[in-house]
Each structure stands twice: as C-alpha cells, then as structure tokens.
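Please look through the structure below slowly, with the sequence beside it. The paragraphs after it take up a few places in turn.

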Amino acid sequence: MLGTTVIIPTALVPQMGGRNEEKAKVICTLLFVAGVNTLLQTLFGTRLPAVMGASYTFVPTTISIILAGRFSDDADPVDRFKSTMRAIQGSLIVASTLQIVLGFSGLWRNVTRFLSPLSSVPLVALAGFGLYELGFPGVAKCVEIGLPELILLVFVSQYLPHVIHSGKNLFDRFAVIFCVVVVWIYAHLLTVGGAYNGSPRKTQVSCRTDRSGLIDAAPWIRVPYPFQWGPPSFDAGEAFAMMMASFVTLVESTGAFIAVSRSASATPLPPSVLSRGVGWQGVGILVSGLFGTGNGCSVSVENAGLLALTRVGSRRVIQISAGFMIFFSILGKFGAVFASIPVPIVTALYCIFFAYVGAVGVSFLQFCNLNSFRTKFILGFSVFMGLSVAHYFNDYTVLNGYGPVHTSARWFNDMVNVPFSSEPLVAGCLAYFLDNTLHKKDSAIRKDRGKHWWDKFRSFKGDTRSEEFYSLPFNLNKYFPSV
C-alpha cells in the first residue's frame with residue numbers, strides 16, 4: 001500500500017505545480033485518509049481485513065484535469081497546484097455518489113447475485129495478473145536493488161520455513177518486513193558509498209534513498225483536515241469522467257474483495273455484504289475528495305496478496321495497521337522516512353503480491369468443470385480479450401499521448417478510454433455476460449459453472465459462519481440487517 005501512497009503523488013504533484021512541500025503534504029494526507037477509510041471498511045463495510053488505499057485507475061482522469069489548461073493562467077506554481085487540486089476534489093466528491101448509491105441501495109447486490117465461480121475467475125485473476133506492468137519493469141529500473149529484494153523474499157518466505165522448522169510461521173509472517181529492511185539498508189549503503197554519483201538522473205531517482213526530498217520537506221506534526229487546499233471547484237465534464245473511473249474501481253474492487261475473502265479464509269461474500277462494502281468504499285472516495293488526496297479510494301490489491309503470503313487474515317491486525325497509518329501521517333517526518341524506500345523494492349513486492357491475487361482467481365476453477373467446452377470458451381475468450389483490449393488501449397496511449405478515442409472533449413475521451421484500459425473490467429464484464437447468457441438454464445451447465453457451490457452463500461443467513469465474518473459491530477445488524 002505504501003507503493004501507491006508514494007508513487008501516485010510523486011508522479012502527479014509536480015505536474016500540478018507542487019513542490020516537495022506540497023508532495024509531502026499530499027502523501028501524508030493520502031496515508032491519513034487510507035487509515036480512516038480502512039477503519040470504516042473493517043468496522044462497517046464488508047468487515048474483511050481489507051486495506052483501502054489509492055488506486056492507479058483514477059490517475060488518467062486526474063492527468064486530464066491537470067492538462068485541461070484551465071489553470072495555466074496562474075503564474076505562481078503553488079497557486080496552480082491548489083486550483084488543480086480543488087478541481088480534482090470536486091470531481092471526486094461528485095463521483096463518490098455513484099458507489100454510494102449503487103452500494104447502499106442494494107443495486108450492486110442484485111448484480112453480484114449472478115456471479116459464479118466461473119465468471120469470477122477472469123475478474124479476480126486479472127485484478128492481480130493485469131498489473132504485470134507494475135512488477136518487473138519497476139524492478140529493472142534499479143536491478144541491483146530490486147532483484148535482490150525479489151530473490152530474498154522468495155527465499156525467506158518459501159524456502160527458509162522448510163530449512164528452519166520454527167513451528168511459529170515466523171518466516172511467513174515477517175518475511176516482508178525482514179527483506180525490506182535488509183535491502184533498504186543495502187540501498188542506503190550504496191547511496192552513502194557514492195555508487196550512484198555521476199549516474200543518469202533516472203537511475204538516481206530510482207536507486208538512491210535520499211532523492212525524494214520528502215524528509216526535509218515534511219513537517220514534524222501536521223493533522224490533515226477537510227478543504228485544506230480551499231473550497232472544491234466543480235466541472236460537469238470532469239465529474240462525469242471521474243464517475244466512470246469510479247465505476248471501473250467498483251468492478252476492480254469487487255474482484256479484490258473476493259480475493260481478500262478467499263485469502264483470509266472467510267466464506268464467500270454474500271452479495272448484500274459486498275454491496276455494503278461498495279457503499280462504504282464510495283464514502284471513502286467522498287472522504288478522499290473532502291481532504292484533497294488527489295486520488296480516489298479502492299481495495300488495495302497489494303494487501304490481498306500480502307494476506308495470502310503471510311496467512312494472517314485478522315481484521316484486528318488491519319485495524320491496528322490503520323491506526324499506525326494515521327499516526328505516521330500526523331508525524332510527517334516519520335511517514336516521510338518510510339516513503340523514502342526506493343520504488344524498485346516496492347515493485348519487487350508487487351511481483352509476489354499480484355501473483356498471489358492472480359492465483360487466488362485461478363483457484364476458483366476447482367469449482368468448475370474444465371472438461372466443458374462452454375467453460376473453456378468463456379474462460380479463454382474473456383481472459384484473452386481482457387488482456388488484448390487493455391493492451392491495445394494502453395499501448396496506443398503511450399505511443400500517441402492520447403487514447404484511441406480522441407475528441408476535443410477530454411472528459412468524453414476518458415469515459416471511453418479508461419474502462420477499456422482496465423483488464424479486470426473488460427475480462428470480468430465479458431465473462432459475466434457470457435456466463436449468464438449462454439445456455440444458462442441447463443441444469444448440467446449450472447454445475448459446470450460451479451454455481452451450486454455458492455448457492456448457500458447467496459443470502460446472509462444461508463450459512464451460519466456469515467454472521468461470524470460479516471455481521472456489524474455494536475449490534476447494528478438489528479437496525480441494518482443483511483439479506
């Protein structure tokens with residue numbers, strides 16, 4: 001989660017005109033809001049051990065707002081930064097209503113009732129595998145730091161437990177902390193020893209531990225507060241574009257929620273609980289807009305992979321972690337120290353975390369009949385098209401500086417380009433449509449889809465364990481019953 005918290009503001013704030021001081025404040029605000037939203041989700045949402053953090057899905061729409069040209073008249077870069085941030089805030093506040101309405105009204109519950117293990121495979125698998133571009137390409141930016149982190153993490157988490165039999169799962173649970181600290185110290189020694197003196201700027205930015213400028217710029221104590229950049233401004237086109245990005249994160253987070261429930265050894269999510277979680281995720285986007293994080297809120301895919309790696313699916317642990325997020329965001333200097341971790345170390349972790357999430361999606365195939373040609377078609381076609389369509393849209397954007405849909409209205413371009421750039425959205429929607437339209441009523445096909453395995457989880461009271469995992473605290477189920 002630290003990766004998105006640092007990488008996204010580092011990429012966006014300079015384009016908005018912000019300096020290191022503004023970048024440090026945005027990172028602290030993002031960390032603070034992530035802690036608050038995680039507490040809300042674990043207390044009142046799905047109640048799964050899911051971390052709520054920043055999302056890369058909102059970045060293209062945010063960049064469109066930055067490049068809109070409305071704020072180019074501001075001579076002072078800091079004034080331009082604040083004006084741009086207020087515009088992003090306004091669009092996020094409007095976009096949050098989509099998930100709030102779909103979640104709390106129960107409309108998303110009616111949609112997810114028709115999910116089967118078969119249609120969940122592309123959605124969940126590509127929520128992990130679809131992020132492959134954030135993996136080894138990031139490691140290769142500083143291979144002498146990223147590759148040792150990756151190799152050491154695989155060795156400590158997978159091989160060492162079989163060499164040293166501690167019986168307490170120490171290597172599984174603390175592998176990430178141990179490996180990050182060791183390689184971080186190693187990277188700092190390389191920096192202090194002058195290994196990167198005279199290196200190209202890109203190499204220094206990726207490898208050095210003292211290039212972010214955050215530690216000097218971050219205040220010792222600062223409490224983020226709503227509208228800290230000023231009152232939000234609203235633009236209809238930008239709001240619609242951000243609303244589409246919000247819908248994309250809604251679909252991607254559905255897959256991430258399913259992955260978290262599986263990794264945490266919980267029962268499959270009842271649709272009503274999933275819809276409740278989506279509603280609170282919408283509240284999280286609203287909070288992000290009010291505080292001015294420059295980004296929305298979604299389920300952290302990294303966290304879902306971390307749950308699988310550490311095998312710690314405790315809600316209480318995540319809540320304590322959320323408390324630490326809030327603590328370190330207020331004590332800015334301490335948060336900035338953690339934010340100085342070189343990006344290749346984080347992307348090395350991504351290689352493991354995203355792989356686990358993808359494997360969780362593939363694991364749902366155990367409920368399906370893989371001898372059925374219908375299953376093979378839906379699975380193969382949806383996964384292939386999810387990868388192929390998104391690859392075309394992303395590659396086109398990289399080569400030309402704009403997406404395949406390119407009109408004078410930036411907001412319309414984003415409304416079309418952003419959804420088709422998401423592998424989980426394309427694959428998940430295609431699998432969902434095909435699975436619910438191709439010979440659905442045949443009883444044999446129902447078993448091929450694996451639907452009979454999930455029948456008792458279609459309602460909250462269908463399985464006695466649902467109350468243990470998903471019931472609201474403080475006896476709130478009495479007033480807000482799940483169906």
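What follows goes from charged pairs to a pair of packed helices.

This is a predicted model, in which local features need pLDDT of at least 70, side-chain atom pairs count only at pLDDT 80 or more, and totals for chains, interfaces and linings use all residues. Residues are numbered from 1 along each chain as its sequence is written, and side-chain values use heavy atoms, with hydrogens and water left out.

Side chains of opposite charge can pair when their charged atoms come close. With a salt bridge taken as a side-chain nitrogen of Lys or Arg within 4 Å of a carboxyl oxygen of Asp or Glu, the count comes to 4 salt bridges. One of them joins Arg374 to Asp435, with the closest N and O atoms 3.3 Å apart; Arg374 lies in helix α18 and Asp435 in helix α20 (residues 423–435), so this pair ties together parts that are 61 residues apart in sequence. Helices here are DSSP runs (H or I, at least four residues), numbered from the N terminus. Asp435 also meets Arg449 in a salt bridge of 2.9 Å, N to O. Asp435 counts as buried because its relative accessibility is 0%, where buried means under 20% relative accessible area, with a 1.4 Å probe and protein chains only.

Helix α18 (residues 373–400) also packs against helix α6 (residues 117–129), at an angle of about 25° and with their axes 10 Å apart. The axes are lines fitted to C-alpha atoms over the stretch in contact, and angles run from 0 to 180 degrees between N-to-C directions. Since angles under 35 degrees count as roughly parallel, α6 and α18 are therefore roughly parallel to each other.

How values were computed. Helix = DSSP H or I, 4+ residues; strand = E, 2+ residues; numbered from the N terminus. Parallel < 35°, antiparallel > 145°, perpendicular 65-115°, else oblique. Buried < 20%, exposed > 50% of the residue type's maximum accessible area, 1.4 Å probe, protein only.
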